Amino acid sequence: MSSKEEVLRKPDWLKIKLNTNDNYTGLKKMMREQSLHTVCEEARCPNIHECWAVRRTATFMILGDVCTRACRFCAVKTGLPTELDLKEPERVADSVVAMNLKHVVVTAVARDDLKDGGAAVFAETVRAIRRKNPFTSIEVLPSDMGGVHENLQLLMDAKPDILNHNIETVKRLTPRIRARATYERSLEFLRRAKEMQPEVPTKSSIMIGLGETKEEIIEAMDDLRANHVDILTIGQYLQPSKKHLKVVKYYHPDEFNELREIALQKGFSHCEAGPLVRSSYHADEQVNAAAKQKQKLGEQEVQQA
């Protein structure tokens, strides 16, 4: 075995503890009965056992399970999507009730085949959850919806509690890693969301280990802050299959801790950083942190007045 292969052997800190208790099996059964998809399963998230079995949280994936984009890091199926399921929002809302969730994340495949990018179904899902679960906080994680202003406005008018949109990687690597999406369009998407609903925290995510430099990661942080993004998650890229991009580097947990401290110093209200961190990881804690930061800033403004 070559020295390079030795270096890229998966380190011990990436070992995952499997837990298939009643919470896990019950949640899996419910998803199948309701014909619902989760990004936890479709994207092969390494935290599925912790979230489903221990925290009893899940990230619903609406608009089907076939994505119109073929990003080189993502395990979600790509191709021609099926027809829209207009009853899906109600089924998601009913499942949130059954799970008794305090915080729910709703994401979706990219639907470039739709004029509104799926915004109407996204917005209706938010409203359906609100009707049936008025005390549940809602985080949405859409694609860039083609960068169309009206599509984002349609979603933001539903007033989610957090708008999450991932830049995924640093500027230099974006053309190689993301399909159709651009670095600048994602930043604009996040900035416009904040302009439309200033009180709604915005959030983004970076996966590292694809060949970026530390300086480029810090540059991405600065770009996000310049566009008023409040919350950041940083996680290790893991190769889903041989067809996907290879891992260039496995970052040590200490390096993630350092990046987290840098992010907080730059003004993010919350930063979750670690080898197994994904965009929706501990999302319930992030919404609480954002709320506390918002309250703190409000108190400071009152004191200064």
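**Exercise 1.** Compare the span of helix α6 (residues 119-132) with the span expected at 1.5 Å a residue.

*Solution.* Helix α6 has 14 residues and reaches 20 Å from its first C-alpha to its last. The expected span is 1.5 Å times one less than the number of residues. For α6 that expectation is 20 Å, and the helix comes close to it. Helices here are DSSP runs of H or I with at least four residues, strands are E runs of at least two, and both are numbered from the N terminus.

The model is predicted: local features need pLDDT of at least 70, side-chain atom pairs count only at pLDDT 80 or more, and totals for chains, interfaces and linings use all residues. Residues are numbered from 1 along each chain as its sequence is written, and side-chain values use heavy atoms, without hydrogens and water.

**Exercise 2.** State which residues of α6 are buried and what covers them.

*Solution.* Buried means under 20% relative accessible area (1.4 Å probe, protein chains only). In α6, this applies to Ala119, Val121, Phe122, Ala123, Thr125, Val126, Ala128 and Ile129. Their cover includes the strands β2 (59-62), β5 (103-108) and β6 (137-141), and the helices α5 (88-99) and α7 (149-156). Of the chain's 305 residues, 53% count as buried.

**Exercise 3.** Describe the packing of α9 (residues 183-196) and α10 (residues 214-226).

*Solution.* Their axes (lines fitted to C-alpha atoms over the stretch in contact) lie 10 Å apart, at an angle of about 40 degrees. Contact means heavy atoms within 4.5 Å. Tyr183, Leu187 and Leu190 in α9 meet Glu219, Ala220, Asp223 and Leu224 in α10. By class, five of these residues are nonpolar, none polar and two charged.

Terms used. Buried means under 20% relative accessible area, exposed over 50%, partly exposed in between (1.4 Å probe, protein chains only). Axes are lines fitted to C-alpha atoms, for helices over the stretch in contact, and angles run from 0 to 180 degrees between N-to-C directions. Ala, Val, Leu, Ile, Met, Phe, Trp, Tyr, Cys and Pro count as nonpolar, Asp, Glu, Lys and Arg as charged, and the others, Gly among them, as polar.
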